[in-house]
Amino acid sequence: MKDSTLQPPCLTALFIWTTLCLLSSGQHTPDSSGLSRAIRVPLRQGARAEQSPRMPPAAAAASSKRGRGTASEFPSRRRRGAAEGGVSFVDMIDNLRGKSGQGYYVEMAVGSPPQKLNILVDTGSSNFAVGAAAHPFLRRYYHRSLSSSYRDLGRSVYVPYTQGRWEGELGTDLVSVPHGPNATLRANVAAITQSDRFFINGSNWEGILGLAYADIARPDETLEPFFDSLVRQSSVPNLFSLQLCGAGFTQNQSLGISTVGGSMIIGGIDSSLYVGELWYTPIRREWYYEVIIVRIEVNGQDLNMDCKEYNYDKSIVDSGTTNLRLPRKVFQAAVKAIEAASSTEQFPSGFWLGEQLVCWEAGTTPWHIFPVISLYLMSENRNQSFRISILPQQYLRPVEDVPSAQEDCYKFAVSQSSTGTVMGAVIMEGFYVVFDREKKRIGFAVSTCHVHDEFRTASVEGPFHGVDLEDCGYNIPQTDESTLMTIAYIMAGICALFMLPLCLMVCQWRFARCLHPHGDFADDISLLK
C-alpha cells in the first residue's frame with residue numbers, strides 16, 4: 001500500500017501553475033466664376049499619379065493658360081547663382097528634375113568608377129538607398145560588384161513608407177553630387193534588393209536620398225545619414241535649401257509636359273531663388289524636420305481649433321510627400337471651410353477625399369472661387385508667428401494622365417493623416433525653403449518660380465503676436481519606469497486572482513489521486529499528461 005501523504009508531484013503542479021500565471025502578466029506585444037460645365041472624372045486605379053511609394057512630391061503641369069507663373073515673371077534684383085556670403089552656387093541651380101506627382105530627383109554618382117543614378121530628394125526620411133537589382137521600373141541600377149570602393153557592412157535593412165516599402169543590404173561607398181559641392185565622401189548606402197510599390201514606372205529615379213536626422217534612420221540611429229557624413233567629411237556648412245518649381249518650370253520639354261524641376265543648394269542659401277524676406281521657424285526636435293503650427297485660416301477665417309490639434313502628433317516639412325496632410329479633425333474642419341468658400345460650384349464628395357478628379361475645359365479653370373489656405377508657424381521669437389499663404393494652384397494638383405487633352409483635370413491635394421500634419425511638396429512649391437540644421441531652424445520665403453495668377457500670389461508675412469506659442473506643440477505622454485512596474489504588479493495580481501481557483505482545482509485533483517491510488521500503472525486517459 002502506497003504512502004497516503006502528499007507526494008512531490010502535487011507540490012510541483014502547484015508551483016508550475018503559479019509560475020506560468022505570473023509570467024503571462026509580464027508579456028507585451030510590439031508596436032506595430034464658377035462654371036456649370038465642370039466635368040467630374042472618376043479617378044482611375046492605374047493612374048500614374050497614384051503610384052507613389054509615399055505620396056512623393058507633386059508638381060503642377062506646365063501651362064501658362066492655367067494662370068501659373070514662372071521665374072521670368074519674378075525678375076530677381078540679385079545675380080543668378082549668387083549666395084549669401086559671396087559663395088557661388090551657380091552649378092547647383094536647376095539641378096532637380098521630376099514628373100508631376102512622382103517626385104524631385106538629383107543626379108548622384110556612386111562607386112568607383114562612378115555609377116550615375118537619379119535619386120529622389122526626401123526630407124522625410126534618413127536613409128540613402130539605391131536600387132541594386134533588376135526591376136521592371138528601373139532603367140539602370142547600382143552594381144556593387146563593379147565598384148572597387150564598395151564595402152559590405154554585413155547588415156540588412158528594411159524601410160516602410162506611407163505607401164510602399166523596400167529592403168536591402170547595407171554597405172559604404174564613395175558618393176558625390178555632380179551638380180553639387182565639389183566633394184566626394186564615403187557614405188552609408190543601402191542596396192535595395194527587394195521592394196513593393198516603391199519604384200514608380202516612368203518616374204526616372206532609381207533611389208532615395210533621406211535628408212532628415214539619424215534618429216529615424218533604419219535599422220537604428222547609429223547609421224549615419226548622408227548629409228551628416230557630408231558635413232563631417234568636408235567643409236560643406238550644415239544646411240541646404242530647396243526650390244521646388246512645380247509646373248511653372250519646363251526646363252526640358254523633351255521629357256514631356258509634366259516635367260518639373262527646381263534647385264537643391266547644398267551648403268548654403270542662393271538669394272536669386274527667392275523674393276522678400278526669409279522667415280524662420282525653429283526645428284522643434286531633430287528627427288523629422290518638425291515645426292509648430294499655431295493657427296490655420298481658410299480665406300482669412302480662423303478654423304478656431306485648439307492649436308495642439310494642428311500638431312497632433314507632429315508637424316513636419318517633407319519633400320517626399322505630395323499632399324498637405326492634416327490630422328482627421330483638422331482635415332474635416334478645413335474641407336468644410338474650403339467647400340463653403342467655393343460653394344458657387346458643387347463638387348462630388350469623392351473629390352474632397354482624393355478619390356475623384358474635377359475637370360474643366362482647357363484654360364477655363366475658375367481659380368478665383370477657391371480660397372487661400374494660410375498656415376501660421378511659430379517664429380524664432382516664441383511669442384511671435386509668421387504666415388505662409390497657399391494658393392489653390394498649389395493644393396489643386398494637375399493630373400496629366402486623363403483621357404482628353406482638351407481638359408484640365410485636378411486632384412484635391414489636401415488629405416487626411418493619422419500621423420500628424422505633413423507639409424508636402426504642394427506646399428513647398430510656393431516657397432524657397434531653407435533647412436538650417438546648424439541653427440536648428442527652417443526658413444520660408446516666396447519662391448521666384450512659385451505658382452500664381454494675376455490676382456493672388458503666395459506670400460510669407462509677419463510678425464503676428466501671440467502668447468506661449470510653444471505650448472501648441474504636441475507632447476507624447478511619457479510613462480516612467482515605476483508606473484510601468486506598478487501596472488505589471490497589478491496585472492500579475494489580477495491574473496493570480498483569476499487563476500487561483502483553477503490552481504486549487506488541479507491541486508485538489510492531484511491530492512485525491514495521491515490519497516486514492518489505483519495501482520501502479522500509468523493513467524493513459526488522463527486529461528493532464
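How many helices and strands does the protein chain have? The protein chain has eight helices and 26 strands. Helices (H or I, at least four residues) and strands (E, at least two) are DSSP runs, numbered from the N terminus.

This is a predicted model, where local features need pLDDT of at least 70, side-chain atom pairs count only at pLDDT 80 or more, and totals for chains, interfaces and linings use all residues. Residues are numbered from 1 along each chain as its sequence is written, and side-chain values use heavy atoms, with hydrogens and water left out.

**Stop one: a loop residue.** Select Glu290. The loop around Glu290 runs between strand E12 (274–282) and strand E13 (293–298). Is Glu290 buried or exposed? Glu290 is buried, at 4% relative accessible area. Buried means under 20% relative accessible area, exposed over 50%, and partly exposed in between (1.4 Å probe, protein chains only). Now show its neighbours. Not counting residues up to four places away in sequence, Glu290 touches Pro282, Ile283, Arg284, Arg285, Lys314, Ser315 and Ile316. A contact means heavy atoms within 4.5 Å.

**Stop two: a strand residue.** Go to Leu357 in strand E17 (residues 356–361). Leu357 is buried too, with 3% relative accessibility. Leu357 and Leu396 sit 39 residues apart in sequence, and their C-alpha atoms are 9.8 Å apart in space.

**Stop three: a cavity.** Which residues line the second largest cavity? Select Ser126, Asn127, Phe128, Leu170, Asn188, Val189, Ala190, Leu223, Glu224, Pro225 and Phe226. Strand E8 (residues 184–196) gives the most to this lining, with three residues. A cavity is a set of points on a 1 Å grid over the protein atoms alone, where a 1.4 Å probe fits but cannot get out; lining residues have an atom within 4 Å of a point.

**Stop four: two cis bonds.** Select Ser112 and Pro113. A cis peptide bond joins them, with omega about -5°. Pro113 is in the loop between strand E3 (103–110) and strand E4 (115–122). Next, take Tyr312 and Asp313, also joined by a cis peptide bond, with omega about 5°. Asp313 lies in the loop between helix H3 (307–310) and strand E15 (315–317).

**Last stop: positive phi.** Select Lys440, in the loop between strand E24 (431–436) and strand E25 (441–447). Lys440 is not a glycine, but its phi is positive, near 55°. Lys440 is partly exposed, at 44% relative accessible area.

Definitions and conventions
On a 1 Å grid over the protein atoms alone, a cavity is a set of points where a 1.4 Å probe fits but cannot get out, and a pocket is an open set with protein on both sides within 12 Å along at least five of seven lines; lining residues have an atom within 4 Å of a point.
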